[in-house]
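Reader: I would like to learn how to read a protein model. Could we go through it feature by feature?

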Amino acid sequence: KAQTIKFLISAFLIAGCASKNENKPKKDEDEKIETAETVVISNYVREYDAKQANRIGAYLSARIARLNYDFDAAATHAIRAYQLDNDKNIFIRDQGIRLALTEQDFDTARDFANAILKEENPKVTPFISLIGIIDALSIKDSKRAVMLYEKYGKKDFNVPVSALVGNAAYESAGAPKKAKTALNMLSKYEIFEFLKRYHKALNHLADKEYDKAYMLLRQTQRYRDPMAARGALIAAWIKQKQGDHSTAASILEKSMRRYPDQFLNAAKEDLKAGRPFFFTPPSTHQEALAEAIYHIGIIYARENDYETALAFFFIADHLAPKQPHINAVIAETYSAIKDFDHASEIFMQLAKLENKILSRDATLNAVFALNSADKFDEAYHFLEEATQKDNSYARYHHALGDLLRSKEDYEQALPHYNKALELSDAKNKKTLWRLY
């Protein structure tokens, strides 16, 4: 162990400047990473054997790739380290699970976690037990979910995650008192009071106790929390469902003044058109847990811990697939780490949504991601097709002008800017005039 620590420290010192928040290492950083791997492998070949050297080399490669937000490479190296791990090093295995999740490969993460849990290793990490509990809940094995929570979930666990999965496990097992006790863990910390009320509201919603859910959701509006806009959206949904469109509209208006959120704006459009909202709120306790896990991911994303955020977002997506707000934040997180290929794929799917506000927003985000990934032709044709279908939207013409101007094709850009000026309000006209 001492030798392992010594080799890893020396390698990380050599690879230190490769840990910038870049999507891909520069050439000199590539050389430092290669040097770091050589240090570890050569030392291990001398001290131990080639297989052990390859394992540690793969593990180190995964760590460095993670630091550079290259999760594709990190997942490949981490899984290889896991496969070579005869010593069953719990941290190498935990790494493999986390990185499988960042690649949206829940099946691999689940298989790794369940294999470790089957060994009854006393050093199971919180993340490994979390995946085991989530999998048990997904297949409605409440007995196993409770067993794993009581054995691992209460120890050395992230407090809000422990409270949420404990609550879900006991709810699924028909033990409401224990479920309430688990969720009340959040009361020890004022910072989690919003999350406690929000999750209780979602559980009431799953049980179709709409008045109780609405009361708790309205209480959450006094908190300055990243999920407050989502709480307002669901509260407005309840009022729309109950036929109280006036109150629903008031909730959306007030919330939009505090949180300029695209989903609030989309709901306002649906309400005005007299159609059901574009989304379906949680209707089961599993979907309620997905919503809360998504909230945890938002917290990590705001702290720039994008790897952990993505892992939580993909767990939420596994529990409640194809939710627009979850997919949107996954795409936004990929954009934040400059993984524009993954981001553009998701945004292009979201552009197919029927709600015009969400579709337009996703289209523009997809175009930005495609162009940032050096796919100008694909970005241009995608936007051109969207503009042909929705020719009265000023921002599409503005974006087409920007794309063409970036290629110094001013002659083709000008008609699009003219059209954008024609369609824009006074505020946007000022911005566009500067381009002239």
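Reader: What percentage of the residues in the protein is buried?

Author: A residue is called buried when its relative accessible area is under 20%. In this predicted model, 51% of the 436 residues are buried. The protein exposes about 21,300 Å², and carbon and sulfur atoms supply 50% of that area.

Reader: How many helices and strands does the secondary structure come to?

Author: There are 24 helices and 0 strands. As for contacts with a separation of 6 or more, 57% of them join residues 24 or more positions apart.

Reader: How many salt bridges does the structure hold?

Author: A salt bridge needs a side-chain nitrogen of Lys or Arg within 4 Å of a carboxyl oxygen of Asp or Glu. The structure holds 12 of them. One of these joins Glu269 and Arg275, at 2.8 Å from N to O.

Reader: Where do Arg405 and Asp402 lie?

Author: Both are in helix 22 (residues 394-406), 3 residues apart, which is about one turn of the helix.

Reader: What separates Lys419 and Glu422 in helix 23?

Author: About one helical turn, because the two are 3 residues apart in that helix, residues 410-423. Lys419 is partly exposed at 24%, whereas Glu422 is exposed at 57%.

Reader: Which residues are linked in a network of salt bridges?

Author: Asp107, Arg110 and Asp111 are linked in this way.

Methods:
Residues are numbered from 1 along each chain as its sequence is written. This is a predicted model: local features need pLDDT of at least 70, side-chain atom pairs count only at pLDDT 80 or more; totals for chains, interfaces and linings use all residues. Side-chain values use heavy atoms; hydrogens and water are left out. Helices (H or I, at least four residues) and strands (E, at least two) are DSSP runs, numbered from the N terminus. Buried means under 20% relative accessible area, exposed over 50%, partly exposed in between (1.4 Å probe, protein chains only). Contact means heavy atoms within 4.5 Å. Accessible areas come from the Shrake-Rupley method with a 1.4 Å probe; for residues, only the protein chains shown count as cover.
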